[in-house]
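These notebook entries record what I looked up in one structure, in the order in which I looked. I began with a single residue and its surroundings, and then turned to other places.

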Amino acid sequence: MTESQLKQKLSPKFLLVAPGARLSWQYHHRRSELWKLIAGKSSISRSHSDEQGPVQEMTLGEVVSLDKGERHRLIGTDNWGVVAEIWMHADPENPSDENDIIRLQDDYSRK
């Protein structure tokens, strides 16, 4: 994270993913994100196209940087995973919110 990014409006969030569960395959127009696995186990899939990328196991304590517009999905493995997520808003005057989730696929039928 750069000094200029730290000066932007940031929004923290925690994600929990159950064993075998998948969060939505999604992207955002108004934010990039930082993810850090802080407990348990989890995997991630990411891609710059609508086609889902390969599934990669996350490493405890390692920061994953997701670009604005990059497709991504958190995937549960054989144990619960806890991921700290920080939103970095592209425009502090028009910060991202939950309406800035473009879901391409969702196991829970959310829009």
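**Entry 1: Met58**

The model I examined is a predicted one. I first listed what Met58 touches, leaving out residues up to four places away in sequence, and found Trp35, Leu37, Ser42, Ser43, Ile44, Val64, Leu74 and Val83. I then placed Met58 in the chain: Met58 belongs to the loop between β4 (55–57) and β5 (63–66).

**Entry 2: the largest pocket**

I next looked up the largest pocket, whose volume is about 180 Å³. Its lining is made up of 17 residues. Nearest its centre I noted Lys13, Leu15, Leu23, Ser24 and Gln26. Which elements give two or more residues to this lining? I found β1 (10–17), β3 (31–47) and β6 (71–89). The largest contribution comes from β6, which gives 5 residues. Sorted by class, the lining holds 8 charged, 6 nonpolar and 3 polar residues.

**Entry 3: Ser24**

I returned to Ser24, which is one of the residues nearest the centre of the pocket. Ser24 is found in the loop between β1 and β2 (25–27). I recorded Ser24 as buried because its relative accessibility is 2%. With which side chains does the side chain of Ser24 make polar contacts? I noted one with the side chain of Gln26, at 2.6 Å, and one with the side chain of Arg103, at 3.1 Å. Setting aside residues up to four places away in sequence, I listed His72, Arg73, Arg103, Gln105, Asp106 and Arg110 as residues that Ser24 touches.

**Entry 4: Asp106**

The list for Ser24 includes Asp106, and I followed it there. Asp106 sits in the segment after β7 (102–105). Its relative accessibility is 15%, and therefore I counted Asp106 as buried, again by the cut-off of under 20%.

Methods:
Residues are numbered from 1 along each chain as its sequence is written. This is a predicted model: local features need pLDDT of at least 70, side-chain atom pairs count only at pLDDT 80 or more; totals for chains, interfaces and linings use all residues. Side-chain values use heavy atoms; hydrogens and water are left out. On a 1 Å grid over the protein atoms alone, a cavity is a set of points where a 1.4 Å probe fits but cannot get out, and a pocket is an open set with protein on both sides within 12 Å along at least five of seven lines; lining residues have an atom within 4 Å of a point. Grid points are joined across faces, edges and corners, and a volume is the space filled by probe spheres set on the points. Helices (H or I, at least four residues) and strands (E, at least two) are DSSP runs, numbered from the N terminus. Ala, Val, Leu, Ile, Met, Phe, Trp, Tyr, Cys and Pro count as nonpolar, Asp, Glu, Lys and Arg as charged, and the others, Gly among them, as polar. Buried means under 20% relative accessible area, exposed over 50%, partly exposed in between (1.4 Å probe, protein chains only). Contact means heavy atoms within 4.5 Å. A polar contact is a pair of N or O atoms within 3.5 Å; within protein, one must be able to donate a hydrogen and the other to accept it, and residues adjacent in sequence count only if both atoms are side-chain atoms.
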